[in-house]
Amino acid sequence: MVADPRMRASDDDRDRTASLLREHHAAGRLTAEEFSERLDQAFAAKTVGDLDELLSDLPGIDLYHLPDHGLRRRGPVPGSSSHLTATAAAGGAVQPHGRFSPAWMAAWGSWLSVSAVLIVVWALSGMGYPWFAWVVGPWGALMFGRWVAGSHPGGDHQRGTPGE
């Protein structure tokens with residue numbers, strides 16, 4: 001269904017057009033000057049027809065490419081006790097799902113970063129009552145408990161494939 005070019009454009013319509021213009025600029029179809037000019041016009045557009053005009057000399061692109069149906073995640077490797085999961089469909093790289101997985105490293109890195117920032121703020125504020133412990137302590141204790149139990153940092157439901 002094609003929209004009436006006289007229909008008023010919404011903010012989402014303008015944002016979508018701006019995203020398309022960015023993609024065309026990144027692909028080299030628009031110079032920086034053309035991109036800047038069209039972007040200004042996109043945010044000033046009143047109608048859908050005004051937005052369509054900005055894209056009329058550019059090929060249509062899909063900003064939301066769906067993954068190829070040939071790429072599927074596989075479950076745990078048969079006969080493996082190390083909780084390894086294949087990440088590529090054709091026997092590609094293997095990524096661990098245990099206590100030393102990238103997900104756990106990211107979770108602990110986040111906890112450490114936030115803890116460091118809170119401790120620095122506490123130290124700069126005169127080192128009075130250690131209020132930062134009310135955030136750092138419970139958060140760290142919960143993460144440590146999950147880590148010892150061997151669960152995924154985001155919950156066990158994230159271990160499987162999408163749709164499970």
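Before starting, one term: a contact here means heavy atoms within 4.5 Å. Keep in mind, too, that this is a predicted model.

**Exercise 1. Work out the overall layout: how many helices and strands does the chain have, and in what pattern do they follow along the sequence?**

Step 1. Count the elements: there are 5 helices and 2 strands.

Step 2. The chain has 164 residues, and 22% of them are buried. Of the contacts with a separation of 6 or more, 52% come from residues 24 or more positions apart.

**Exercise 2. Decide how α1 and α2 run relative to each other, parallel or antiparallel, and list who makes the contact.**

Step 1. Take the geometry: the α1 and α2 axes lie 9 Å apart, at an angle of about 175°.

Step 2. Apply the cut-off: an angle over 145 degrees counts as roughly antiparallel. That is therefore the label for α1 and α2.

Step 3. Name the partners. From α1 come Arg14, Asp15, Thr17, Ala18, Leu21, Arg22 and His25, while α2 brings Ala32, Phe35, Arg38, Leu39, Ala42 and Phe43.

Step 4. Sort them by class: 7 are nonpolar, 2 polar and 4 charged.

**Exercise 3. Find the buried residues of α2 and say where on the helix they sit.**

Step 1. Check the helix itself. Helix α2 (residues 32-44) has 13 residues and spans 18 Å from first C-alpha to last, close to the 18 Å expected.

Step 2. Pick out the buried ones: Phe35, Arg38, Leu39 and Ala42.

Step 3. Look down the α2 axis. These residues fall within an arc of 105°, so they line one face of the helix. A handy reminder: an α-helix has 3.6 residues a turn, so residues three or four places apart point the same way.

Step 4. See what that face packs against: α1 and α3. On the other side of α2, Glu33, Asp40 and Ala44 are exposed.

**Exercise 4. Repeat the analysis for α5: which residues are buried, and what covers them?**

Step 1. Helix α5 (residues 133-149) has 17 residues and reaches 23 Å between its end C-alpha atoms, close to the 24 Å expected.

Step 2. Val136, Gly140 and Met143 are buried in α5. They fall within an arc of 70° seen down the axis, so they line one face of the helix.

Step 3. The cover over these buried residues includes α4 (102-124). On the other side of α5, Trp134, Leu142 and Ala149 are exposed.

Step 4. Finish at the end of the helix: glycine 150 follows α5, and its phi is positive, near 85°.

Terms used. Residues numbered from 1 in each chain as written. Predicted model: local features only at pLDDT ≥ 70, side-chain atom pairs only at ≥ 80, totals over all residues. Heavy atoms only, no water. Helix = DSSP H or I, 4+ residues; strand = E, 2+ residues; numbered from the N terminus. Expected span 1.5 Å × (residues − 1). Buried < 20%, exposed > 50% of the residue type's maximum accessible area, 1.4 Å probe, protein only. Arc of directions from axis to C-beta. Axes fitted to C-alpha atoms, helices over the stretch in contact; angles between N-to-C directions. Parallel < 35°, antiparallel > 145°, perpendicular 65-115°, else oblique. Nonpolar A, V, L, I, M, F, W, Y, C, P; charged D, E, K, R; others polar.
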